[in-house]
Amino acid sequence: MNYRHAFHAGNFADVFKHSILVRVVKTLAVKDKPFCYLDTHAGSGRYDLAGDAARKTGEYRAGVGRLFDLTDCPAEFSDYLACVRAFNPHGTLRYYPGSPHFAKHFARAQDRLVLCELHPEAYALLKQEFARDARVAVHLQDGYRALKAFLPPTERRGLVLIDPPYEAADEFERVAQALASAHVRWPSGIYAVWYPIKDAGAVARFHRVIRESGIREVLLAELRLYPDDSAIRMNGCGMLLVNPPWKTLESLRCLLPVLARLLRQDSDASFRAEWLVPE
Ligand SMILES: C[S@@+](CC[C@H](N)C(=O)[O-])C[C@H]1O[C@@H](n2cnc3c(N)ncnc32)[C@H](O)[C@@H]1O
């Protein structure tokens with residue numbers, strides 16, 4: 001386990017992932033009934049953009065760094081930016097919230113967050129970050145095992161974020177298997193699966209496995225900032241949403257063009273928002 005999210009926090013992939021996450025969690029908080037949020041690969045929860053890791057790569061500058069000071073903030077982004085700004089109350093971008101904080105921003109007294117992280121240092125930071133919030137349980141645990149241990153949740157409604165580092169050559173296969181068995185345990189849960197676009201063939205195989213898995217209602221969102229054959233390691237990224245809330249496709253079709261415009265690099269960015277598997 002070499003991956004450290006601190007090097008990448010707030011980059012274009014985080015903006016993409018977290019702006020979709022915020023949209024789903026906010027929708028869950030519309031009904032009074034409690035929800036459960038399970039984050040299988042939660043990271044350390046808070047990232048210091050002035051720290052050595054973030055400064056070394058500078059990735060956040062082409063991500064959240066482009067958005068933080070926007071004055072005419074597009075409506076599609078307002079909830080995402082409100083979370084990041086609430087995290088930096090002095091008005092200067094210094095800290096970037098990890099996925100657990102974006103979820104917590106919308107959690108009410110009746111909701112519950114279950115966070116799993118396997119790296120001991122990231123786990124210790126995560127534990128400390130949420131130590132004073134009784135709604136949040138933090139586990140030093142393999143995220144794939146967590147799907148077996150914690151699903152279905154007692155609340156019977158909620159969201160699972162699966163956001164592994166894709167360091168291992170077989171991570172796409174592991175994700176697809178884990179998603180299929182989690183879906184058997186809890187067919188009505190919402191699942192959000194993030195993935196990098198580095199090798200278009202690997203992504204196409206992943207989509208095929210999901211299409212053949214028998215899971216229905218799978219939305220696909222993708223953002224590509226570089227051509228598929230560019231030498232950049234990550235040309236884009238995507239998210240699969242199983243059982244997405246009502247009107248998610250429409251809202252992705254508003255969000256993604258704005259993201260593509262604001263986060264574009266030298267060439268034009270492109271996006272997709274469509275059903276991978278319809279109802
Ligand atoms: C992409 S980062 C997560 C970022 C976080 N979800 C966010 O959006 O802020 C992936 C995390 O998974 C952790 N990790 C790696 N293998 C894991 C495993 N098998 N189970 C749980 N966590 C794991 C890494 O230490 C890393 O912190």
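The ligand is surrounded by 20 residues, counted as near when the C-beta atom, placed from the backbone, lies within 6 Å of the molecule, and the closest of these residues are His41, Gly43, Gly98, Ser99 and His119. By class, this shell comprises eight nonpolar, seven polar and five charged residues, where Ala, Val, Leu, Ile, Met, Phe, Trp, Tyr, Cys and Pro count as nonpolar, Asp, Glu, Lys and Arg as charged, and the others, Gly among them, as polar. The model is a predicted one, in which local features need pLDDT of at least 70 and side-chain atom pairs count only at pLDDT 80 or more, whereas totals for chains, interfaces and linings use all residues. Residues are numbered from 1 along each chain as its sequence is written.

Helices (H or I, at least four residues) and strands (E, at least two) are taken as DSSP runs and numbered from the N terminus. Eight strands form an open sheet of mixed pairing in the order 5-4-1-6-7-9-8-10, two strands being paired if DSSP finds at least two bridges between them. Strand 5 (136–140) and strand 10 (270–277) are the edge strands, each pairing on one side only, and the twist from one strand to the next averages 15°. Strand 4 (residues 112–117) runs parallel to strand 5 and is joined to it by five bridges; within strand 5, Ala137 is the bridge partner of Val114.

Two packed helices are described by the angle between their axes and the distance between the axes; the axes are lines fitted to C-alpha atoms, for helices over the stretch in contact, and angles run from 0 to 180 degrees between N-to-C directions. Angles under 35 degrees count as roughly parallel, over 145 as roughly antiparallel, 65 to 115 as roughly perpendicular and the rest as oblique.

The axes of helix 1 and helix 5 (residues 99–106) come within 9 Å and cross at roughly 30°, and the two helices are therefore roughly parallel to each other. In this contact, for which C-beta atoms placed from the backbone must lie within 7 Å, His18, Leu21, Val22, Val25 and Lys26 of helix 1 meet Ser99, Phe102, Ala103 and Phe106 of helix 5. The contact of helix 1 with helix 5 has six nonpolar, two polar and one charged residues.

With helix 4 (residues 78–86), helix 1 crosses at roughly 100°, the axes coming within 8 Å, and helix 1 and helix 4 are therefore roughly perpendicular to each other. His18, Ser19, Val22 and Lys26 of helix 1 and Asp79, Tyr80 and Cys83 of helix 4 make this contact, which has three nonpolar, two polar and two charged residues.

Helix 1 and helix 10 (residues 248–263) pack at an angle of about 155° with their axes 11 Å apart, and they are therefore roughly antiparallel to each other. The contact is made by Phe12, Val15, Phe16, Ser19 and Arg23 of helix 1 together with Thr248, Ser251, Leu255, Leu259 and Leu263 of helix 10; its residues divide into six nonpolar, three polar and one charged.

Note on methods
Contact = placed C-beta atoms within 7 Å.
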